[in-house]
Amino acid sequence: MIDSPLSPSEIGAAPVIVDAPHAPLVNVRGLHKRFNETEVLRGVDLEIGKSEVVCVIGPSGSGKSTLLRCLAALETYDEGEVRIEGELLGYGMRNGRRVRASQAEINRVRRNVGMVFQQFNLWPHMSALDNVMEALMRVRRLPRDKARARAAMMLETVGLAHKGDAYPAKLSGGQQQRVAIARALAMEPHIMLFDEPTSALDPELVGEVLQVMKQLARDGMTMAVVTHEMGFAAQVADKVVFIDQGRIAVQGKPREVFHDAQHPRLRQFLQNYFDRNAFWSRGSQEGQT
């Protein structure tokens, strides 16, 4: 007989440690994820501290996006644990067995996690302002006037205060992605997850999205970013994580990962970027000690 999902009252997870000194905002231990016979994540350990920007790089198919989706509870994981602000995400213990938590409990634990995807996922029949307002009214239960005021403030934050009445079809890809960022920010997350947020954009539109993300980093937003933008990672990240074949092969400060790369697979991966773009310069190293 299969145990039913745990309810919030039954969860019995380890005590919340968010107030402990230097406790990580996100703590991943021994994470495994399989799709049928394919093991995509093979024992990932990762910590993300408050106000830390972590950029995740690696070849296609290495498990980067799957890792982020596990952090947002958009994918289940098979072994290990993910803790968000000290609370176990997705599972609990019953009669000595790990069982899936109820959807209400999962939503409660991930309530402070925001995510921005490769595709913008905006409702085409709603204006930019309405796209940002919708979750505030449906999920946070804000009155329409308060949701509208907050949505307008978030659009201003991403530089789109003048586009509130525009529909997605009338916005550029970069503008649509900034609306998606505003929508996530409106929920007041403690951590933002970005899954290759510029990969669907024309090259000339990438900069406007990266500028918004750089400002979020300057403002102290905790972020985990899966990206192929090596220059962004070199300039903005506090920590760069290189994933290969479902494992974290290298992690460290940008200088250590990009400039002093010793791991053979990392050197091979980066060689293409070094050949095409001399993105690492003395100027980009300033402040990375």
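1. Helix 3 passes helix 5 in a right-handed crossing, a term that applies when the near helix is turned clockwise from the far one by less than a right angle. Helix 3 covers residues 128–138, and the two helices pack at an angle of about 25 degrees with their axes 8 Å apart; axes here are lines fitted to C-alpha atoms over the stretch in contact, and angles run from 0 to 180 degrees between N-to-C directions. Helix 3 and helix 5 are therefore roughly parallel to each other, the label given to angles under 35 degrees. Helices (H or I, at least four residues) and strands (E, at least two) are DSSP runs, numbered from the N terminus.

2. Please note that this is a predicted model, in which local features need pLDDT of at least 70 and side-chain atom pairs count only at pLDDT 80 or more, while totals for chains, interfaces and linings use all residues. Residues are numbered from 1 along each chain as its sequence is written, and side-chain values use heavy atoms, with hydrogens and water left out.

3. In the contact of these helices (heavy atoms within 4.5 Å), Ala128, Asn131 and Val132 of helix 3 meet Val179, Ala182 and Arg183 of helix 5. By class, this contact holds four nonpolar residues, one polar and one charged.

4. Helix 5 (residues 173–185) also packs with helix 6 (residues 203–218), at an angle of about 20 degrees and with the axes 8 Å apart. This pair is therefore roughly parallel as well, and its crossing is right-handed. Among the residues making the contact are Ile181 and Leu185 of helix 5 and Val209, Val212 and Leu216 of helix 6.

5. Six of the eight residues of helix 1 (residues 64–71) are buried, so this helix is largely enclosed by the rest of the structure; buried means under 20% relative accessible area, exposed over 50% and partly exposed in between, with a 1.4 Å probe and protein chains only. The buried residues include Lys64, Leu67 and Cys70. Just after helix 1, alanine 73 takes a positive phi of about 60 degrees.

6. Lysine 146, placed in helix 4 (residues 144–157), is exposed, with a relative accessible area of 53%.

7. An open sheet of four strands has the order 2-1-4-5 with antiparallel pairing, where two strands pair if DSSP finds at least two bridges between them. Strand 2 (38–48) and strand 5 (87–88) are the edge strands, each pairing on one side only. Strand 1 (residues 26–35) pairs with strand 4 (residues 79–84) over five bridges in the antiparallel sense, and valine 28 stands opposite valine 82 in strand 4.

Methods: Parallel < 35°, antiparallel > 145°, perpendicular 65-115°, else oblique. Nonpolar A, V, L, I, M, F, W, Y, C, P; charged D, E, K, R; others polar.
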